[in-house]
Amino acid sequence: MNRYICIHGHFYQPPRENPWLDTIEIQDSAYPYPDWNQRIDYECYVANAYSRIMDTQNQIVKIMNNYTKFSFDFGPTLLTWVEENAPDTYQKILEADQESQKNFSGHGSAMAQAYNHMIMPLANDRDKETQIIWGIQDFEWRFRRKPEGMWLPETAVDLKTLELLVKYGIKFTILSPYQAAEIKKIGEEEWVDVQGGKIDSQQPFLCPLPSGKEIAIFFYDGQISNDVAFGGLLYNGENLAKRLLSVFPGDMEESRLVHIATDGETYGHHYQFGNMALSYCVEFLEKDQLAKFTNYAEYLESFPPTQEVKIMENTAWSCSHGVKRWAQDCGCHIGHSGWNQKWRAPLKEAMDWLRDELGPLYEKHLAQYVKDPWQLRNDYIQILLDRSTANIERFFSEHIPSKVTPDERVKILKLLELQKNTMFSYTSCGWFFDDIGGIEAKQILQYAARAIQLANEVTAADLEPGFLKILQSAKSNDPKLKDGKKIYEQSIKQSATNLQDMVAQYAMCALFWDYEDSTEFYSYAIGRVNYQEQKEEKRKLILGKVHIKSQMTWEEKDFDFVALELEEFNFYGFARESNARSYERIKKELPKLFSDFESTKFVKALEKEFAGGIYYFQNLFRNERTKVLNRVFQDAIEDIEALCRQIYERYLLVQEGRNLSLSLPRALSMTIEYIFQQDLIKILAQEPLDLAQLEKWSVETKRLPLLTDKEILSRAASNKLESLMEKWAQNPKDIESIQCLINYINIFNNLFIPFYLWKSQNMYFLTAQKIMAARKKETDQENNLWKKWDEYFKQLGNLLAVKIVQ
């Protein structure tokens, strides 16, 4: 076999965490998901881990982990999120790299990626180096091996970046064919011009570097990659397979590699079911051995380059003007007619100014602790990967020669966080899209604001005025937003928090949730020193003292706080640095004042006591505001349900014994439907499930012309099905469990209430694989005992649209 195929997916999302909280806040544009990471995980990342191959009857015949066939790179900041928020997806990615090593001569398919997707040719030399070091060390931490290749963000390249890749042991990278300038055979003198994408992409090339070293480069097939990403080639997996085969030369004497590279999100997020097209493509090619799948590292070892290449420096795959998309109004945009991107240049200028102001401050304030502050920054990835107390203490003992005080330790950690946030403010998405008012540009402005705040806390430098002076020139296309300065002042600055703010947030939330004496509140650890509650009718008072510690900077202090809930959705938070005498006084006075309550007088007394430390509902973080609103309105929802139930019961009395065929008024039918929804949710919440009660509910439901809105019922029914499947998977031989599942599914099918079957199908398929593997070891007599089980198991598979081929 001399026909080889490699499909590369570049998986990346920008870091979206609020830099003060280390948490992604709700993003409305990702609805119905809380944020874009969760939405894209569902549509793409986990979908590729459990990708379906269907037969002509639309039944699943195979579930494939596409990552085992992919060549892929994942952004380190994205994988950090996946590890914490989608652990099953994370595990499948790691397993795929391990399996690929078995399949591809010991070479894993995962590649490293520069840490936070900074455009490398536009970065200064220090940032280039840190981005590569952090990307490599993050990779080694997760995949437990050294990376052989590294993906450059947007494939943006220059020779300095390639030199650094080689310095740190990277053997190859991937570029667009339009980034090749000249080629020649190794050992010959004459260079041939291949600009305009004319390079032969079916072989690797060796790029000689100014230092005398060299790095291998693969130039992907530009036309097929473009058709996959933008031309609809993913609508049919067989068509994709045939297109890949079509570009192999007719008379091949030497081995050839057809390879494509696109955003990994193409397979499922950009194109729904794109992951399934990829799976079918792989199955089609492997079934008849039409080509051999490989990865770049295996192919490079088997077929070393025979030609050299010169690259076109300062170019990228997503900008036809070099790398101007991340610095100028080059004309590249995503589709807003009449808009310009003149804001890009002043945004870049502002970030460069800030970086260059912060650099000397960072060096000056770390000079007394280490010889090389920039090496310390390179090593800081060790803390980013593991923020445990033991690891941070180890870091200080290994990297800081002299003993430092707790305050000095906080100072050093703040300076390192300052540098991290400065680099994060260069994440490429901040410039990629059409306006400075977009969520991507606002995100990098948050990172800049955090760096400015940390610089002020450590060095007393006030860099914000200078930063905003430049940012004012970044004009938005939206007249309401005006410019970068206004966006910063109205949308970014309000996100900034300190320890006092966090305590006030905690205090207000404590009105609604019972926290343990020690709790994690976002990226802070909060421990109660003193705490007391008092309730009077619908009013509530919380008074306390807490110790709070930042888990990122180790800054810690004691604070006094008060939280007050009044009627009519009116509540307050108060916080200040702890004062023992004042706290003892208010601890005695406030409970009495609260009992003899007069709202205006009481609030004014607190405002005087906590001058400058007063907080309101609108000051809550967005995630907390949403949760509080849901909690506050829960009582109202319960009142509505009770009223609806009364109406429903009166309707039953009218119907009793009469068998009336009534056309219900819309208001009444909606009321009855709501009660049916609530009844179902309560039935499904019971453990164990009462199928008889569920059947009774379904009979009553059929009798009424209801269920016009089935989404809530579908979600509830699907969640319960997943729970039942999980229990069955623990003891899959239990026929009664299978019968229960069959009856359960049929109840909803008879009501035409659809299921979301994705997770249940995965469990069925994976459980079936384990059982079939075990049964192969059994005797014929033992297998005969499975006949009844086989009958029910197949019936369940039909209901789940999964066919197990034995």
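In this report a residue is called buried when its relative accessible area is under 20%, exposed when over 50%, and partly exposed in between (1.4 Å probe, protein chains only). The structure is a predicted model, in which local features need pLDDT of at least 70 and side-chain atom pairs count only at pLDDT 80 or more, while totals for chains, interfaces and linings use all residues. Residues are numbered from 1 along each chain as its sequence is written, and side-chain values use heavy atoms, with hydrogens and water left out.

Glu308 has a relative accessibility of 14% and therefore counts as buried. Glu308 belongs to strand S14, residues 307-311; strands (E, at least two residues) and helices (H or I, at least four) are DSSP runs numbered from the N terminus. Leaving aside residues up to four places away in sequence, Glu308 is in contact (heavy atoms within 4.5 Å) with Glu182, Ile183, Lys184, Ile186, Trp191, Phe205, Leu206 and Pro208.

On a 1 Å grid over the protein atoms alone, a cavity is a set of points where a 1.4 Å probe fits but cannot get out, whereas a pocket is an open set with protein on both sides within 12 Å along at least five of seven lines; lining residues have an atom within 4 Å of a point. A volume is the space filled by probe spheres set on the points. There are four cavities of 30 Å³ or more.

In the largest cavity, the lining includes Pro14, Arg16, Cys429 and Tyr447. H15 and H16 are the elements that give two or more residues to the lining of the largest cavity, and H16 gives the most, with five.

A nonpolar core is a set of buried Ala, Val, Leu, Ile, Met, Phe, Trp, Tyr and Cys residues joined through side-chain atoms within 4.5 Å. The largest such core has 124 residues, and Ile5, Tyr67, Leu162, Leu244, Trp697, Tyr744 and Phe748 touch the most other members. Apart from this core lies another, of 70 residues, among them Ala316, Ala455, Leu463 and Ile470.
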